[in-house]
Amino acid sequence: MPDLITPDLVALDADLGSDKTTVVRRLAGLVAGAGRATGADGLADDALAREAQAATGLPGGIAIPHCRSAAVTEASLAFARLDPKVDFGAPDGPADLVFLIAAPAHGDADHLTLLTALARALVRPEFVASLRAAGSADEVVRLVQEVVSPEPAPAGAPAASGSSSAATAATPAAPAADAGTAGARRSIVVVSACPTGIAHTYMAADKLTAAGEAAGVDVHVETQGSSGSTPLDPAVIRTADAVIFAVDVGVRDRDRFAGKPLVQSGTKRAINEPDVMVREALAAADDPNARRVPGGTGGAAEPAAAAGGRPSTATEVRRWLLTGVSYMIPFVAAGGLLIALGFLFGGYQIVNPDPTSADGNSYALNWVLNNTFFNLPDAAPTEGLNDGFWGYLGAVCTVLGQAAFGFLVPALAGYIAYAIADRPGIVPGFVVGAVSVSVGAGFIGGLVGGIIAGFAARWISGWKLPTGVRGLQPVVIIPLLATLISSGLMAVLLGRPLAAALTGLGNWLNGLTGTSAVLLGIILGLMMCFDLGGPVNKAAYVFATTGLAAGSGAPLVIMATVMAAGMVPPLAMALSTAIRPKLYTPAERDNGKAAWLLGLSFISEGAIPFAAADPLRVIPSMMLGGATTGAIVAASGVELRAPHGGIFVFFAMSNVLMFVIALIIGTVVGAVAVTIAKSIGRPKADAVPEDAVDMAHAHNAAAPVTQPARA
């Protein structure tokens, strides 16, 4: 196996720039210059994207920027001993020792194991001191090779530090963990995990293991990282006094720990304050009101914790929403892009009713049901419709995309409920999401319904039922009652008010026809961006499409206004993620890339993941951008004869240039507004998880907490 590090990947006492961006790019240049990456820019961009997610500075003057990257052709380490030091966001100041850990996008297990061995060595003071004292690049290479590929230990030698379980012998000077447990060692189980699974996962594990040894506590760790994961023995979990989740992502199979006292935070806190977290875990074990892992026979309800042991309400709500959004994003991306391809191949009329269909199906669905690639559809010549091979391919893409979109709101609601109640919330959440679509409540109904379903499931999970029926609780009682409560409320109480609201909105819009075109454009723009595919958005869209039969005049201007305003939200969010990526999670940045095409295709739902996660900042900003575009398009008299398609229906539009100018202006206005809003109200780094999926970031208020530096 090729060496991870060679002398040409080492820079000693070097001035690589005054900020971490420059340092990372210079180190990426070393990797590319050694022929281990296809380009320095691609590697640097991926490393900086990971850096934007969470600063990689560590206590003691160390930084470990790292990433998986498609640009990397061979797993590599680039090392710099900096002079002057550069701030990488560590709580105790700038770093002078920087390792760039570059792993291929699909790195093999052997290389990933070596990379994680280096990360674990960086918690050992003697190794760090030897790097500072090294006199040459060759000596640095030798030191690194010794820790990533050590010589086999002699038979009978003790295991190296950093094993998955703490040594059983306590440090002689370590005090007993609790006076009431003298003579009996206490036990803590730990799960550590980070998004890339290369560095923070293992460093957090080793720091907590060492802190446990110092406190006379047995610490058993399960690292859910890139080099594999060996699940903890169920017997070890059963006898543990408490659980620590040091995670930046969701914990796999967390039901194994149900009912155990819990301390949870990101991996950075475990690296910076492992002794504090061990003390918190021991205190939680002795507190009958401490927060506990939900799920299992103990129920999903969590007893009230001590005042400092629970995350804030805002953090919890954000976690619920981001969990739902994270699971919803693949449906948005897959469905939206497939529909866009359907318009491209089949034409904008592919979604309109096919007059030859006895059931009133669209061209897309009728062709998929009745034609094949060996029996291609043959339609009468129609503007905006392609038949034959391209038409059938467009029909297939459209039907698949519409099917994927059908899961969008149910997935959002289902996984919001999952974040609240764990597994018992999934069924009632998905059902209330589907009901929300049926009654016209859209994604806003999915948000509300998911929260109702989650709390209903959590409440029922906490019921103390007789032993004879307890086995039916998770498979019959919770799904039945939680679904009845949440979906019943949606169908009985929320459906009728929404229907009345839709009727009222339609009548109101009809009353505005003939008044100021600019005012109408502003109103339609606000409506299109208010709920992004929900009832208000649909009211404006239906108002526009019902006038297309007129063939000319004001109805066609309204259609152009509605389409332009509806394209703004995905485009504005995509632009914002591009100009200020640090304001967004990695999942949101990925969704921002897909949002470009979704916006250009007039799929407003491309902005739903952003709005669901942060509605108070995103929705008003999108409404401002949509109103700007709507006013310009309406005032310019742009006409559109197609009901859908975005840029793919320019041929059905008059004054295309003005439409594009209005779209650009509104996109910029919306992007600037949301960027400013997120910058002003940016959450504190310690209050928001590095990856908020299925995670709470709880600190004990009684313990000193070091604020991480801003990236």
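Guide: Strand 4, residues 66-69, pairs with strand 6 in the parallel sense, and the pairing runs over 4 bridges. One of the residue pairs can be named: histidine 66 has isoleucine 101 of strand 6 as its bridge partner. Bear in mind that this is a predicted model.

Strand 6 is the element to follow here.

Strand 5, residues 76-86, pairs with strand 6 in the antiparallel sense, over 7 bridges. Here the bridge partner of alanine 78 is leucine 100 in strand 6.

Strand 5 has a feature of its own. Proline 84 lies in this strand, and the peptide bond that leads from aspartate 83 to proline 84 is cis, with omega near 10°. Most peptide bonds are trans, and most residues other than glycine have a negative phi.

The protein has 24 helices and 10 strands. Of its 711 residues, 55% count as buried. Among contacts between residues at least 6 apart in sequence, 73% join residues at least 24 apart. An example of two residues separated along the chain is aspartate 138 and threonine 6: they are 132 residues apart in sequence, yet their C-alpha atoms are 7.7 Å apart in space. Aspartate 138 belongs to helix 5, residues 137-148. With a relative accessible area of 53%, aspartate 138 is exposed.

Strand 7, residues 186-193, pairs with strand 8 in the parallel sense over 7 bridges. Within that pairing, isoleucine 188 has valine 219 of strand 8 as its bridge partner.

Helices also pack on one another. Two packed helices are described by the angle between their axes and the distance between the axes. For helix 11 (residues 363-370) and helix 12 (residues 388-405), the axes come within 8 Å and cross at roughly 105°. The two helices are therefore roughly perpendicular to each other, since angles of 65 to 115 degrees are classed that way. Helix 11 contributes Ala364, Leu365, Trp367 and Val368 to the contact, while helix 12 contributes Gly391, Tyr392, Ala395, Val396, Thr398 and Val399. By class, this contact has 8 nonpolar, 2 polar and no charged residues.

A second pair is helix 18 (residues 517-530) with helix 20 (residues 554-579), where the axes are 8 Å apart and the angle is about 40°. Helix 18 and helix 20 are therefore oblique to each other, and their crossing is right-handed. From helix 18 the contact takes in Leu520, Gly521, Leu524, Gly525, Met528 and Cys529; from helix 20 it takes in Ile558, Thr561, Val562, Ala565, Gly566 and Pro569. These residues divide into 8 nonpolar, 4 polar and no charged.

Phenylalanine 602 is not a glycine, yet it has a positive phi of about 60°. Phenylalanine 602 sits in the loop between helix 21 (586-600) and helix 22 (608-613), and it is buried, with a relative accessible area of 4%. Asparagine 655 also has a positive phi, near 55°. Its place is the loop between helix 23 (615-636) and helix 24 (656-680). At 41% relative accessibility, asparagine 655 counts as partly exposed.

Methods. Residues numbered from 1 in each chain as written. Predicted model: local features only at pLDDT ≥ 70, side-chain atom pairs only at ≥ 80, totals over all residues. Heavy atoms only, no water. Pairing = 2+ DSSP bridges. Buried < 20%, exposed > 50% of the residue type's maximum accessible area, 1.4 Å probe, protein only. Axes fitted to C-alpha atoms, helices over the stretch in contact; angles between N-to-C directions. Parallel < 35°, antiparallel > 145°, perpendicular 65-115°, else oblique. Contact = heavy atoms within 4.5 Å. Nonpolar A, V, L, I, M, F, W, Y, C, P; charged D, E, K, R; others polar. Left-handed = near helix turned anticlockwise from the far one by under 90°.
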